[in-house]
Amino acid sequence: MYRKKIYKNYFTYPALFFYILLFIIPVILNFVYSFTNWNAIKMTGETVRFVGLDNYIKIFQNKELIRVIFRTLFFAAVTTFFKNIVGFLLALAFNEGLKTRNILRAIFFLPAMLSPLIIGLIFGSVFMKNGFANQLLIVLGFENLTRSWLTTKSTALGTTMFVEIWRQVGYHMVIYLAGLQLIDKTYYEAAAVDGANEMQQLIFITLPGIIPSLIINLLLSLSQGLKAFDIIFVLTGGGPSGSTELINTLVFREFGKKLYGMSSAYGVILFVITAVAGLLVLKLRDDQDE
Amino acid sequence: MKTKKRKIRLIMKEILFWILSLIVIVPFLIVVFNAFKTKTEAINMQLTIPAEWHFENLRTVWEQGDILHALGNSLIISTVSVVVTVLASSMCAYVLCRNRTKGNQFAYRFFAMGLMVPVSMVSIVKVLRVLRLYNTLQGTILVCIALIMPLSVFLYYGFITGIPKEMDEAAVVDGAGAMTIFFRVIFPLLKPATVTVIMVNFLNVWNDFQIPLYTLPDPDKAVIVQKVYNFFGTYTASWNLVSVTIIYAILPVLVVYLFGQKYIISGMTAGSVKG
């Protein structure tokens, strides 16, 4: 029996060891610490004391903090929407036909390869007061539209969303492309014979065919949006006056203040939201399968 | 007639998308142009060719920024964590995929969970402190390994599903241990998956900012992405020098992308289309 001979359980131990030690245990610890006042604000050193639901009560009684939670959801929803729409349209365009489609694909995919922090830095310069975005507006004759995009309250969040979408569109495009390639070409031929036009082919063949890619894209873009950190951190730091603060930037802010218990509570809230979002999308898939 | 019309439409479409691609290209051009300007010329990060190409900026930043050191730190962290992860995740995925006991099925789902949920950096720092590995390269490497493990197991698992089980039977050599059999016979078969796992993880670790931000605060141990950020903090008004650090940080990634585009894309889409 070769089964016993080569499928050794100890093969799984190293991977499990690393994963449990520095992924799972911290996630569990995070839950525990969220019920404590763990901090290091006093000179006497760190204190840890169980305070029950105090941190959560503090969070949910503060209007500004509830707003951060809804803003995070909003950020994730808007970026997910545009990443998927634009990504899908690009995939349709670059699927076949165009001669230079391979180069174009590579260009649009490039931002997904780079560090979000560095992309944030580049766009920090593009959107600064005298930066490229405003220079372009002036050249095009829209001088009245120029503003300091990242330090104006009404435009800061939208600008960070734009950068996040710009960064990830190519990634989602590539997944849609892979989905498009899996659709059997004979469907289109048969439909064309039956006299279906391009629009009908898109609705009745392409769209149902890419549902698996749509599901995975939703999962990825939602979790990316909910967990967004680097882009905000470098573009606005959560400002102006907290208008771009998301859960993950708050986690870091509280960590910086050495309020570890509070920081953990935000982490738990983010964990719950992400898990619920993931389960909802997976539920969508299961309904689809039936 | 009809084909001619179609051809023109196709050319128009091509031109349209090249114009659209400027949205991606222009920000990079801005960085490249401004990297070789003087401080005053680069103040607004304009999309103009430098009046004079100041190639000495490359050297100024290389020396002042101690770039080599930062690149070295990034390279060590990326390489070690990717190598360890490749070994651990391939072995693990192999057994999970082939020997589908209840426990192993659970372990697989346990890993898959890690693909979605957010990590808890605050508690990770605590664990590192207890292990006395906080603010060390080794500690950061351990964290990177843990965080890239789920995706790696997932990628290998998907690939191994496609290899016929008969290969395993043929691989059994009398007298050889399981380890020997795996690394002599099975592991080479996984090469396409291994290339993908290496590329994707290398980029993820190289580009990451959040892990070193929490676990590696010592500026002397800064990785290249941190270095770019710190440099930006110190030389806020010197966009020319900041642009140079950006180029240093991106260049290795571009090289990997140029040679491994196929594997990176296949890795990032693997499993995703199978549902």
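Residues are numbered from 1 along each chain as its sequence is written, and chains are lettered from A, with ligands numbered from 1, in the order in which they are written. Because the model is predicted, local features need pLDDT of at least 70 and side-chain atom pairs count only at pLDDT 80 or more, whereas totals for chains, interfaces and linings use all residues.

Trainee: How many helices and strands does chain A have?
Mentor: Helices (H or I, at least four residues) and strands (E, at least two) are DSSP runs, numbered from the N terminus. Along the sequence, chain A reads α-α-α-α-α-α-α-α-α-α-α-α-α-α. The C-alpha trace of chain A spans about 80 × 75 × 30 Å along its principal axes. The count for chain A is 14 helices and 0 strands.

Trainee: What percentage of the residues in chain A are buried?
Mentor: A residue is buried if 20 or more other C-beta atoms lie within 10 Å of its own, exposed if 12 or fewer, and partly exposed in between, with C-beta atoms placed from the backbone. Of the 290 residues in chain A, the buried part is 44%.

Trainee: Which elements give two or more residues to the side of domain 1 of chain B that touches domain 2 of chain B?
Mentor: Chain B is divided into domain 1 (2-60) and domain 2 (61-269), with bounds from an automatic or database domain assignment. The C-alpha centres of these domains of chain B lie 32 Å apart, and the contact takes 14 residues from domain 1 and 12 residues from domain 2. The domain 1 side has 7 nonpolar, 4 polar and 3 charged residues. The elements in question are α2 (22-35) and α3 (56-64) of chain B.

Trainee: How are α7(B) and α10(B) oriented to each other?
Mentor: Axes are lines fitted to C-alpha atoms, for helices over the stretch in contact, and angles run from 0 to 180 degrees between N-to-C directions. Helix α7 (residues 137-161) of chain B and helix α10 (residues 191-207) of chain B have axes that come within 10 Å and cross at roughly 155°. Angles under 35 degrees count as roughly parallel, over 145 as roughly antiparallel, 65 to 115 as roughly perpendicular and the rest as oblique. The two helices, α7(B) and α10(B), are therefore roughly antiparallel.

Trainee: Which residues of α7(B) make the contact with α10(B)?
Mentor: By class, the residues of this contact between α7(B) and α10(B) are 9 nonpolar, 4 polar and no charged. From α10(B) come B:Pro192, B:Ala193, B:Thr196, B:Val197, B:Asn201, B:Asn204 and B:Val205. From α7(B) come B:Cys144, B:Ile148, B:Ser152, B:Leu155, B:Tyr156 and B:Phe159.

Trainee: Why is α6(B) largely enclosed by the rest of the structure?
Mentor: The buried residues in α6(B) are B:Met121, B:Val122, B:Ser123, B:Ile124, B:Val125, B:Lys126, B:Val127 and B:Leu128. Helix α6 (residues 121-130) of chain B is largely enclosed because its buried residues number 8 of the 10.

Trainee: Is B:Asn135 exposed, partly exposed or buried?
Mentor: B:Asn135 lies in the loop between α6 and α7 of chain B. The phi of B:Asn135 is near 65°, a positive value in a residue other than glycine. With 15 other C-beta atoms within 10 Å, B:Asn135 is partly exposed.

Key: Two residues are in contact if their C-beta atoms, placed from the backbone, lie within 7 Å. Ala, Val, Leu, Ile, Met, Phe, Trp, Tyr, Cys and Pro count as nonpolar, Asp, Glu, Lys and Arg as charged, and the others, Gly among them, as polar.
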